[in-house]
Amino acid sequence: MSFFFPSTRGAAAAAARGPEVRRAAWPAAISVLALLSVCPTAAPTAELTIVCGLQGIDHPHCRQAAETWAQARGHQVRVLPAPDDLPTRLRLYQELLEVGAPKPDVLEIDVVSPSLLAHHLLDLGPRIGAAAADYLPALIAADTVAGRLVALPYSLNFGLLFYRRDLLARSAMPVPDTWDALERAAAVVQDQERNAGNARFWGFLWQGARAEILTCNALEWIASWGGGTIVAAAGGVTIDNPAALFALQRASNWGGIISPASPREDTERDSVAQFAAGNAAFVRAWPGAWRRLNAADSPVRGKVGVAPLPKGGTDGIHAATLAGWQLAVSRSSAHPDLAAELVLYLTGEDAQRRRALELGLTPTRTALLTDPQIEAAQPYLRALSAGELTLVARPAVVTGRRYLQVSGLVQSAVASVLGGQVTAAQALKTLEHSLNVISRQGEDW
């Protein structure tokens, strides 16, 4: 998808299709809406534009919920689907926000985007007040930049371990609690299945593509062993430490033994599809995999269990990289108060309960984490509500607009170790030096 808007004629045709506009025409629709909003009509009602739809899954639900709110309030709302490709989506948002386009009013962004877009987003704190305490604290912290609450949590993601219950039972192996136990179980089940004739079977799948998902995986390995979060909350670069070194060395040994050899380009979709096809004992994935793996047409339906990712030894933690989706209001919106009200409605308890039960999306309000109906549909919530999981945020808030550069350097370092180009010690030393250079020793992010 191009970042540059098409001709006015093409944009008008796309905009005329309203909420059903095709994803490829989304930039055109937005550009026309921005132009039209410069010359408002005398209509007594306000028209808001919201971009939402988690890779297409959530768009119809978001549209229905937004239209319900608009009808009740006597306003109009135009709901556009978000482009699937996250880098493209971010660039489009940046283009619109930087020129002060008054449309869209509300944007769906991922959990690291508040720090990248904060300057262009409305501070929702004064508008929602004490209601911020109803959301998961880790998400509110990720949505708060320089004391400004620039987004509200819409849905939650975090790393989990999915496993084949039937294969573990056949091998008399317990669900692994540590990385040591995972390596043993993965090797045993892998040998068992390959001896039975499945030469494509692997013990443990995770995502090796050089993209944001690799940063997420690496952060979980490192944090589980007590190696920190790459950059500390105060800004200091902390990645070159013994625990991080051990974690990265250990992960580099999985390739070709219990995991496919590096270099790898598998994404979340690739690894879950391979697991669903019956070709793995374990896979690291987001919560949404639970619904896909238990769908009516899934070959592994009824055979899958889910648990926290392993700890780094008995003294380690079950680390899960914090991810998810947020709703933010553009500072250039002509209707900031109404837009904030819409965001509060869409992230409210009733709307989130429906999304959890109908779509399998993980809620962000703490009261819903122990809701019996939602817990039954999303069993991994028990580990979260019981405090067994530690949600680990990527260092986006502290590194601000440099976060994408930071993540890119992390991906390059990790990939070079996994691919055998450099040792873990060399990679971490180089990474820490590079991060210190761009941040002036962690003092100027």
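**Figure 1. The second largest cavity of the predicted model and its lining.** In this predicted model, helix α11 (residues 242–252) supplies the largest share of the lining of the second largest cavity, namely three residues. By residue class, six members of the lining are nonpolar, none is polar and one is charged.

**Figure 2. The largest cavity.** Two cavities of 30 Å³ or more are present in the structure, and the largest has a volume of about 50 Å³. Its lining consists of Ala218, Ile222, Ile230, Ile239, Leu248, Val410, Val414, Leu428 and Leu431. Two or more of these residues come from each of the elements α10 (212–224), α19 (403–418) and α20 (424–439). The lining comprises nine nonpolar residues, with no polar and no charged residue.

Figure 3. One disulfide is counted in the model. Such a link is a covalent bond between the sulfur atoms of two cysteines. Here Cys52 is joined to Cys62, with an S to S distance of 1.9 Å. The link between Cys52 and Cys62 is left-handed, with -105 degrees about the S-S bond. Cys52 belongs to the loop between β1 (47–51) and α3, whereas Cys62 lies in helix α3, and the two are ten residues apart. Both Cys52 and Cys62 are buried. His59 is also located in helix α3, which spans residues 59–73. The side chain of His59 comes to 3.1 Å from the backbone oxygen of Cys52. His59 has a relative accessible area of 7% and is therefore classed as buried, the cut-off being under 20%.

Figure 4. β3 pairs with β1 in the parallel sense over two bridges, and Ile50 has Val106 of β3 as its bridge partner. With strand β11 (residues 318–329), β3 runs antiparallel and is joined by five bridges. Within β11, Trp325 stands opposite Asp110.

**Figure 5. Strand β10 and its pairing with β7.** Strand β10 covers residues 304–307, and both of its faces are covered. Val304 and Val306 are buried on one side, as are Gly305 and Ala307 on the other. Strand β7 (residues 160–164) pairs with β10 in the antiparallel sense, over four bridges. Phe162 has Val306 in β10 as its bridge partner.

Figure 6. Most residues other than glycine have a negative phi, and most peptide bonds are trans. The bond joining Lys103 and Pro104 is cis, with omega about 0 degrees. Pro104 is situated in the loop between α4 (86–98) and β3 (106–110). A cis peptide bond also runs from Ser262 to Pro263, with omega near 5 degrees. Pro263 is placed in the loop between α11 and α12 (268–276).

Figure 7. Ala146 is not a glycine, yet its phi is positive, at about 55 degrees. The residue Ala146 occupies the loop between β4 (144–145) and β5 (148–149). With a relative accessible area of 78%, Ala146 is exposed, the cut-off being over 50%. Arg440, likewise not a glycine, has a positive phi of about 55 degrees. Arg440 is found in the segment after α20. Its relative accessibility is 61%, and Arg440 therefore counts as exposed.

Notes
Residues are numbered from 1 along each chain as its sequence is written. This is a predicted model: local features need pLDDT of at least 70, side-chain atom pairs count only at pLDDT 80 or more; totals for chains, interfaces and linings use all residues. Side-chain values use heavy atoms; hydrogens and water are left out. Buried means under 20% relative accessible area, exposed over 50%, partly exposed in between (1.4 Å probe, protein chains only). A polar contact is a pair of N or O atoms within 3.5 Å; within protein, one must be able to donate a hydrogen and the other to accept it, and residues adjacent in sequence count only if both atoms are side-chain atoms. On a 1 Å grid over the protein atoms alone, a cavity is a set of points where a 1.4 Å probe fits but cannot get out, and a pocket is an open set with protein on both sides within 12 Å along at least five of seven lines; lining residues have an atom within 4 Å of a point. Grid points are joined across faces, edges and corners, and a volume is the space filled by probe spheres set on the points. Ala, Val, Leu, Ile, Met, Phe, Trp, Tyr, Cys and Pro count as nonpolar, Asp, Glu, Lys and Arg as charged, and the others, Gly among them, as polar. A disulfide is a pair of cysteine sulfur atoms within 2.5 Å. Two strands pair if DSSP finds at least two bridges between them.
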